[in-house]
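Dear colleague,

Please find below the structure that I am handing over to you. I would be grateful if you would look through it alongside the notes in this message.

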Amino acid sequence: MDLRIFTEPQQGASYDTLLAVAKATEELGFDGFFRSDHYLRMGPGDPSPGPTDAWITLAGIARETRRIRLGTLMTAATFRLPGVLAISVAQVDAMSGGRVELGLGAGWFEAEHTAYGIPFPAERFSRLEEQLAIVTGLWETKPGETFSFDGEHYRLDDCPALPRPAQERLPLIVGGKGTRRTPRLAARYADEFNIPFESAEFSREQFGRVRAAAAAQGRDPDSLVYSNALVLCAGRDDAEVARRAAAIGREVPELKANGLAGSPDEIADRIGRYAEAGCRRIYLQVLDLHDLDHLELTATRILPQLR
C-alpha cells in the first residue's frame, strides 16, 4: 500500500508552509505529495493568506525535492485551456526529473469560479472528456508529428505537441463517484482511478464498475491503480486524537466513521479494509499543515505496518 500526503492549501497555506510539508513527506518516507487545485476557501474561517496556484507551487516543490511523486487531486478542467495545461504539466514534470502525475476532474465549486471570474459552464463533463483526449493526445504525439483536434468545445490545428513530459507516459488520474460516465472515462484515459472520501464498501463497488468498464473496452483492469483519498487524524492516545480533530473543526466519531482516525493500530486496521476492497494507494488528507508531528507519527507507527 502506497501512502501519499494530500493537502488542501485553499484552506489557508503559503508556499513556504507547503514546501515544509513536502520536504517532511520526502524525509519521512511517504510515496508522494499531492495538493488540491482550488482558488477559494471552503467553509468559514480566515481566508488568509489566499490561494496558491497548484502548478506554480508544484514547480517550486519539484526543484526542492528529489524522490517523491508530485501532482494534483484534482485539477479542474474549467481552470485552464487543455493545450496550456499540457504545457504546464509537462514542464513541471521536466523540472522534477519525471515525478509528476496529473489528476484531472470536471470542476465543481462554483463559488471559486465567480469569485475569480472563471467561467463555470453547464457542460463541464463533456469539456473534461475533450480535455482528457487533448492532453493525452498531445503527450502521445510522436516527435516530428503534429496533433489536431476538432471537438465541440476545443479545437487544435497542427499543434507541435511540445514540450513533452520527461516520463515516457505521465500518469493520469481520474476519479469520482459517478456510476456510468466516470468509470468509462477512467477506463479509456486513466492510469489511476481515485475515490474521494467514501467507505470501503462503496469503493469495492465503484472499483468493480471501473474494472468492468476497462474489460468492456478491451483493457486489462489490472493496468489501473485503484486508490482512495481519506482524511487523517492519528494520535498516540485518545486525547491526542481529540486535539487533532478539534484543530481541524471535526468530531472524532465522525472522523472515525468517514476517514482514518484513531490510534496507529486502528488506522492500519481500517486501511486493511480498503486494501481488501481493492485499494492499492491512499492519499492521506492532512488539514493542519503546521502539525508536522502528525506526519512523523504516521510514518513511524502506521507506514511500517503496511509494507
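The notes that follow begin with the chain as a whole and then turn to some of its strands and to one residue.

Please bear in mind that this is a predicted model.

The chain as a whole

The secondary structure of the chain amounts to 11 helices and 12 strands. Its C-alpha trace extends over about 60 × 45 × 35 Å along the principal axes. The radius of gyration is 19 Å, and a compact globule of 307 residues would have a value near 19 Å, so the two agree. Of these 307 residues, 53% count as buried. The chain exposes about 13300 Å², and carbon and sulfur atoms supply 50% of that area. As for contacts between residues at least 6 apart in sequence, 72% of them join residues at least 24 apart.

Strand S2 comprises residues 32–35, and both of its faces are covered. Gly 32 and Phe 34 lie on one side, Phe 33 and Arg 35 lie on the other, and all of them are buried.

Strand S1 (residues 2–7) runs parallel to S2, and four bridges join them. Within this pairing, Phe 6 has Phe 34 of S2 as its bridge partner. Between S1 and S2 the chain passes through helix H1 (residues 15–27), and this β-α-β crossover is right-handed.

S2 also pairs with strand S3 (residues 69–72), again in the parallel sense and over four bridges. Here the bridge partner of Gly 32 is Arg 69 in S3. Together with helix H2 (residues 54–64), S2 and S3 make a right-handed β-α-β unit.

Thr 136 in helix H5

Thr 136 is found in helix H5, which covers residues 124–140. Is Thr 136 buried or exposed? Its relative accessible area is 10%; the limit for a buried residue is under 20%, so Thr 136 counts as buried. The side chain of Thr 136 reaches the backbone oxygen of Ala 133 at 3.3 Å. Leaving aside residues up to four places away in sequence, Thr 136 touches Leu 172 and Tyr 189.

With kind regards

Definitions and conventions
Residues are numbered from 1 along each chain as its sequence is written. This is a predicted model: local features need pLDDT of at least 70, side-chain atom pairs count only at pLDDT 80 or more; totals for chains, interfaces and linings use all residues. Side-chain values use heavy atoms; hydrogens and water are left out. Buried means under 20% relative accessible area, exposed over 50%, partly exposed in between (1.4 Å probe, protein chains only). Helices (H or I, at least four residues) and strands (E, at least two) are DSSP runs, numbered from the N terminus. Two strands pair if DSSP finds at least two bridges between them. A crossover is right-handed if, with the strands pointing away from the viewer, the path from the first strand over the helix to the second runs clockwise. A polar contact is a pair of N or O atoms within 3.5 Å; within protein, one must be able to donate a hydrogen and the other to accept it, and residues adjacent in sequence count only if both atoms are side-chain atoms. Contact means heavy atoms within 4.5 Å. The radius of gyration is taken over C-alpha atoms; the globule rule is 2.2 Å times the number of residues to the power 0.38. Accessible areas come from the Shrake-Rupley method with a 1.4 Å probe; for residues, only the protein chains shown count as cover.
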